[in-house]
Amino acid sequence: MTSTALRGRAWKLLEMVTTPLLPSDYLDLVSPLRTGADLRGRIEAVHPETGDAATVVIRPGRAWRGHTAGQYVRIGVDVDGVRLWRAYSITSPTNRQDGRLTITVKAIPDGKVSNHLVRRAKPGTLIQLDQPTGDFVLPRVRPAKVLYLTAGSGITPVMGMLRDTEFDDVVMVHCAPQPQDVIFRNELHDLVAGKKLRLTEVHTDTDGKLDISRLDELVPDWAERETWACGPAGMLDAAEEHWTGHGVQERLHTERFRPSIVVAGDGGGGGEVTFSATGKTVDADGATPLLDIGEEADVFMPSGCRMGICFGCVTPLKAGAVRDLRTGQITEAEPGVLIQTCVSAAAGPCDIER
Ligand SMILES: Cc1cc2nc3c(=O)[nH]c(=O)nc-3n(C[C@H](O)[C@H](O)[C@H](O)COP(=O)(O)OP(=O)(O)OC[C@H]3O[C@@H](n4cnc5c(N)ncnc54)[C@H](O)[C@@H]3O)c2cc1C
Ligand code: FES
């Protein structure tokens, strides 16, 4: 008998002994990050950055393929016994020697996962990981001049880039309410002292929100710079309009943490939503994503980015109609129709196959 066949028989025997669990379940207990296991990570440390933001140091499992600076990773975290998935930009450089990666999370009011990670996550906790993804990355050929335009937690993918790649001429404009709210402030100021970065901080509590036309004064050659921008929707919408207005939109690269919602108010729809696989029916308004509606009702809802980019939430629409909150477009049920629950709301009674 070959060694492969022998191994196969030994594994079958083990399966009989360990039933109802599988041998891999026991291996998961003793070696959760091993090759062949579902990709997981272990939180090894949580370092506070500001009053409401912290960097989480994660040791990924063996199957981790490594990232490109600027990309994000989806993580699955158990919060009060429920596995929730969220996306976070990777803030560590690609060449970190100890094989760990970091994400930096800002706790938002009522945010389930962000508050858990910033305030309650403990070293030793296992989390689920996906492979890194995202196209908010630097090009292979380095641009001569770079501008980073960021606000709040939008600094995170850019910090991943700053730690990874040096440029001869890089300027950053960063907005935060007050100096103490600037995540990575000491490190940014070290880069400035080392002449590796020119930085303008806009403190919105005293200076007001950044009026994008102020770039002419803050960074006079902004239009010549390859620009990476990440921050709230209002800032990114204004930047896109500004760059397009000056005919240089191809120089602007943006990353959004939330979808741009065009459907205002209650969306004018809403209705009874049936999750037929679970056998639950709940009332929904016309503006709340079906992903949130399902989670609130304790229905298992797969998800990823929660903003319409990863397709981790697609679900068959069995009956009724839903509205895409980004475009207002209505989708009606027909065989084979899939919807993204994170950006779709009920547009009347509907049945979602979950
Ligand atoms: C590609 C990508 C990269 C990201 N990178 C980071 C990162 O590096 N650091 C980071 O802190 N976050 C990042 N995010 C946002 C992150 O995925 C979560 O959306 C955020 O942590 C909130 O999750 P939560 O569970 O705490 O909030 P939830 O419990 O999901 O939501 C609570 C409330 O806050 C609102 N809300 C949800 N998300 C946001 C938000 N981003 N800003 C303001 N209000 C919100 C909800 O509508 C709801 O009313 C990223 C998102 C994407 C799509
Ligand atoms: S969760 Fe990513 S597209 Fe819906």
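The following legends describe close-up views of a predicted model.

**View 1. The antiparallel sheet of six strands.**
An open sheet is built from six strands, arranged in the order β4-β3-β6-β1-β2-β5 with antiparallel pairing. The edges are taken by β4 and β5, each of which has a single partner strand, so one side of each is left without a neighbour in the sheet. From one strand to the next, the twist averages 40 degrees. Strands of a sheet pair through backbone hydrogen bonds, either parallel or antiparallel.

**View 2**
Strand β3 runs antiparallel to β4, and eight bridges join the two.

Helix α3 lies across β1, β2, β3, β4 and β5, and runs at about 85 degrees to β3. Within this helix, which spans residues 112-120, the buried residues are Val113, Ser114, Asn115, His116, Leu117 and Val118. The cover over these buried residues includes β1 (40-50), β2 (53-60), β3 (72-79), β4 (82-89) and β5 (101-106). An α-helix has 3.6 residues a turn, so residues three or four places apart point the same way.

Which residues come nearest to ligand 1? Of the 22 residues around the ligand, these are Arg86, Ala87, Tyr88, Ser114 and Arg258. At least two residues of the shell are supplied by each of β4, β5 and α3. Strand β4 gives the largest share of the shell, four residues. A polar side-chain atom of arginine 86 is placed 2.7 Å from an oxygen atom of ligand 1. Backbone atoms approach the ligand too: an N or O atom of the serine 89 backbone lies 3.1 Å from a nitrogen atom of ligand 1, and a backbone N or O atom of threonine 104 lies 2.9 Å from a nitrogen atom of ligand 1. Ligand 1 exposes 910 Å² when taken alone, and the protein buries 79% of that.

**View 2. The parallel sheet of five strands.**
A further open sheet consists of five strands in the order β9-β8-β7-β10-β11, with parallel pairing. Its edge strands are β9 (198-203) and β11 (252-255), each pairing on one side only. Neighbouring strands of this sheet are turned against each other by 15 degrees on average, direction ignored. Strand β7 (residues 146-151) and strand β8 (residues 170-176) run parallel and are joined by six bridges. Valine 146 has valine 170 of β8 as a bridge partner.

Helix α4 (residues 155-164) lies across β7, β8 and β10 (226-230), and its direction is at about 145 degrees to β7. Helix α5 (residues 185-193) lies across β8 and β9, running at about 145 degrees to β9. Is helix α4 largely enclosed, or is it left open? Eight of the ten residues of α4 are buried, so the helix is largely enclosed by the rest of the structure. These buried residues are Ile155, Thr156, Pro157, Val158, Met159, Gly160, Met161 and Leu162. What covers them includes β4, β5, β7, β8, α5 and β10.

**View 3. Proline 335 in a loop.**
The loop between β15 (330-332) and β16 (338-340) contains proline 335. Is proline 335 buried or exposed? Proline 335 is exposed, because its relative accessible area is 82%, and the cut-off for exposed is over 50%. In sequence, proline 335 and alanine 319 are 16 residues apart, while their C-alpha atoms are 9.3 Å apart in space.

Key: Residues are numbered from 1 along each chain as its sequence is written. Chains are lettered from A and ligands numbered from 1 in the order in which they are written. This is a predicted model: local features need pLDDT of at least 70, side-chain atom pairs count only at pLDDT 80 or more; totals for chains, interfaces and linings use all residues. Side-chain values use heavy atoms; hydrogens and water are left out. Buried means under 20% relative accessible area, exposed over 50%, partly exposed in between (1.4 Å probe, protein chains only). Contact means heavy atoms within 4.5 Å. Two strands pair if DSSP finds at least two bridges between them. Axes are lines fitted to C-alpha atoms, for helices over the stretch in contact, and angles run from 0 to 180 degrees between N-to-C directions. A residue is near a molecule or strand if one of its heavy atoms lies within 4 Å of it. A polar contact is a pair of N or O atoms within 3.5 Å; within protein, one must be able to donate a hydrogen and the other to accept it, and residues adjacent in sequence count only if both atoms are side-chain atoms. Accessible areas come from the Shrake-Rupley method with a 1.4 Å probe; for residues, only the protein chains shown count as cover.
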